[in-house]
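Open the model in your viewer and keep the sequence panel beside it. The tour moves from one selection to the next.

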Amino acid sequence: MTRADGESETARGMETVLLANREELIRFLAARGAGDSAEDIFQELWVHIAGSRTGPVAHPLSYLYRAANNLMLDRYRSARAAAMREKAWGEHDSGRGHPSIERSLISREELARVDATINTLGERAAAAFRYFRIEGMSQRDIAAQLGVSLSTVEADLRKVYTALAAIKGQIDE
């Protein structure tokens, strides 16, 4: 047996354990706070296990529980970071009244700069950002629209937010 055959056999073995314990893992995730996302996290775990190259695992079920918990924590952290970004970018003083002509021109220049930066990140990242922020589409719907995984959409949005945070820092200076 070659090394590739052994890795493939190990991955199939992990998938077998994963599928045999599907309901228990979903209940575990739901009990740990995943709620309605438990099924989605399980699917993400399945994709991860099917595509990974792990060596022999002494306790595969324990490994799967740990991996599921880590995926859930990653999602929680990502959602928390997104909420913090939303709050930071959404804060504004609505009691200012109408902006001056000068402020309007500066704002247009800043908007053009932001738009140019978003466009340099690639067509897919720009589209994902616009669907999410302007169209109000869910990340899952964006993934389906663009034909990519949910994690790809999340990565694209993180890339755009990182670039926008850098621009915001430059503008604030």
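Predicted model: local features only at pLDDT ≥ 70, side-chain atom pairs only at ≥ 80, totals over all residues.

Start by selecting Ala38, Ile41, Phe42, Leu45 and Ile49 in helix 3: these residues are buried, where buried means under 20% relative accessible area, exposed over 50% and partly exposed in between, with a 1.4 Å probe and protein chains only. Look down the axis of helix 3: the buried residues fall within an arc of 100°, so they line one face of the helix. The arc is taken from the directions that run from the helix axis to the C-beta atoms.

Residues are numbered from 1 along each chain as its sequence is written, and side-chain values use heavy atoms, with hydrogens and water left out.

Next, zoom out to the whole protein chain. Its secondary structure comes to eight helices and zero strands; helices (H or I, at least four residues) and strands (E, at least two) are DSSP runs, numbered from the N terminus. Of the 173 residues in the protein chain, 24% are buried.

Move to the loop between helix 3 and helix 4 and select Thr54. Is Thr54 buried or exposed? Thr54 has a relative accessible area of 16%, so it counts as buried.

Then select Asp156, in helix 8 (residues 150–172). Asp156 counts as buried because its relative accessibility is 4%. Display Arg124, Ala125 and Ala128 as well: Asp156 touches them, not counting residues up to four places away in sequence. Contact means heavy atoms within 4.5 Å.

The last stop is the second largest pocket, with about 290 Å³ of space. Which of its 14 lining residues are the closest to its centre? Select Arg75, Ser78, Ala79, Gln139 and Glu154 to see them. Helix 4 (60–90), helix 7 (139–146) and helix 8 each give two or more residues to the lining. On a 1 Å grid over the protein atoms alone, a pocket is an open set of points where a 1.4 Å probe fits, with protein on both sides within 12 Å along at least five of seven lines; lining residues have an atom within 4 Å of a point. Grid points are joined across faces, edges and corners, and the volume is the space filled by probe spheres set on the points.
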